[in-house]
Amino acid sequence: MELIKENLPCHVAIIMDGNGRWAKRHGLKRYQGHEKGADTVRMVVRTTRELGIPYLTLYAFSEENWKRSSIEIQTLMRLLNRFLESELNEMMENGIRLLAMGRLYKLPSATQKLLYKTMEITSKNKDMTLILALSYGGRQEILDAINEILKQKYEPGEITEEILRSHMYLKEIPDPDLLIRTSGEMRISNFMIWQIAYTELYITPVLWPDFSKEDYLSALNDYQKRDRRFGGAD
C-alpha cells in the first residue's frame, strides 16, 4: 500500500498485547508466546527505521506486570536481555538510539546493567530513537513527577503544564502521534496517559505475535486518513 512520507507520524507508540492468548490458541506455553512476540518486535523496529519514523515506543513491561508469576517475569527479563544483546549490532548499523522509561530501578540488576550499557553505546545514534517502557505506568510517571516538583517548594498556583512535563521520564521526546494496540482490547492500560491526550488510536484484533508488516502498514495508512484537529473546530 502507498504511504505518503510527508504524512507519516513522528512518533508511534505500541501496546504489544496478546502473547499469552496466542500461545494458548496454539497449545503452547506462555513463554513461547513471548518468544514469538519478540520476532514481531524486530519486524516493527526494522520497518519503523525503513520508513524513516523518528520515534517508536514499545510498552514492554508494565508496573502491573510485576503481579505475574515469578517464572513469567524471569522469562520476560531473559527475553529482554537477549534482545538487548542480539540487536545491538543492528541498532549501531542503522543509527538507532535506545532509551528506556519507567521505574528502571525495579528491574533485576543484571538487566539494569545491560540496559544502561546499551543506551550508552547507542547514545550518539541519530536516525531513530527506540524507547522501551519498562516497569512503566502512566499514573506512576505522573506521581513520580509530582514528587520531584514538591522537592522544589512551589507555591500554590505556580505549577504549570510545562513544569509538570519537565519532570516526566523523557521530557524531550515528542508525544505519540499514533498509538497502536493489538489483541482488540479497548483500553490504554495505564500507558502514557499524560502524553496521549491528542494521540490517534488504532485498535486491531490481531494478537501481537501475528502482527505482520502488512498490519503495521495498514495502521499507518489508517492514520494518514485522520483529520487531526487537536481540539480545534471542524
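**Pockets and an enclosed strand in a predicted model**

Q: What lines the largest pocket of this predicted model?
A: Its lining has 36 residues, and Met 16, Asn 19, Tyr 59, Ala 60 and Asn 65 lie nearest the centre. Two or more lining residues come from each of helix H1 (19-25), helix H2 (30-51), strand E2 (55-62), helix H3 (70-86) and strand E4 (128-136). H2 gives the most, with eight residues.

Q: What makes a residue count as part of the lining of a pocket?
A: A lining residue has an atom within 4 Å of a point of the pocket. Ten residues line the second largest pocket, with Asp 175, Trp 194, Gln 195, Ala 197 and Tyr 198 nearest its centre.

Q: How do the lining residues of the largest pocket divide by class?
A: There are 16 nonpolar, eight polar and twelve charged residues. For the second largest pocket the classes are five nonpolar, two polar and three charged.

Q: Why is strand E1 called largely enclosed?
A: Buried means under 20% relative accessible area. Five of the five residues of E1 (residues 11-15) are buried, so the strand is largely enclosed by the rest of the structure. His 11, Ala 13 and Ile 15 are buried on one side, and Val 12 and Ile 14 on the other.

Q: How do you know that E1 pairs with E2?
A: Pairing needs at least two bridges, and E1 and E2 have five, in the parallel sense. In E2, Thr 57 stands opposite Ala 13. E1 also pairs in the parallel sense with strand E5 (residues 178-181), over four bridges, where Ile 15 has Arg 181 as its bridge partner.

How values were computed:
Residues numbered from 1 in each chain as written. Predicted model: local features only at pLDDT ≥ 70, side-chain atom pairs only at ≥ 80, totals over all residues. Heavy atoms only, no water. 1 Å grid on protein atoms, 1.4 Å probe; cavity = no way out; pocket = protein on both sides within 12 Å on 5 of 7 lines; lining within 4 Å. Nonpolar A, V, L, I, M, F, W, Y, C, P; charged D, E, K, R; others polar. Buried < 20%, exposed > 50% of the residue type's maximum accessible area, 1.4 Å probe, protein only.
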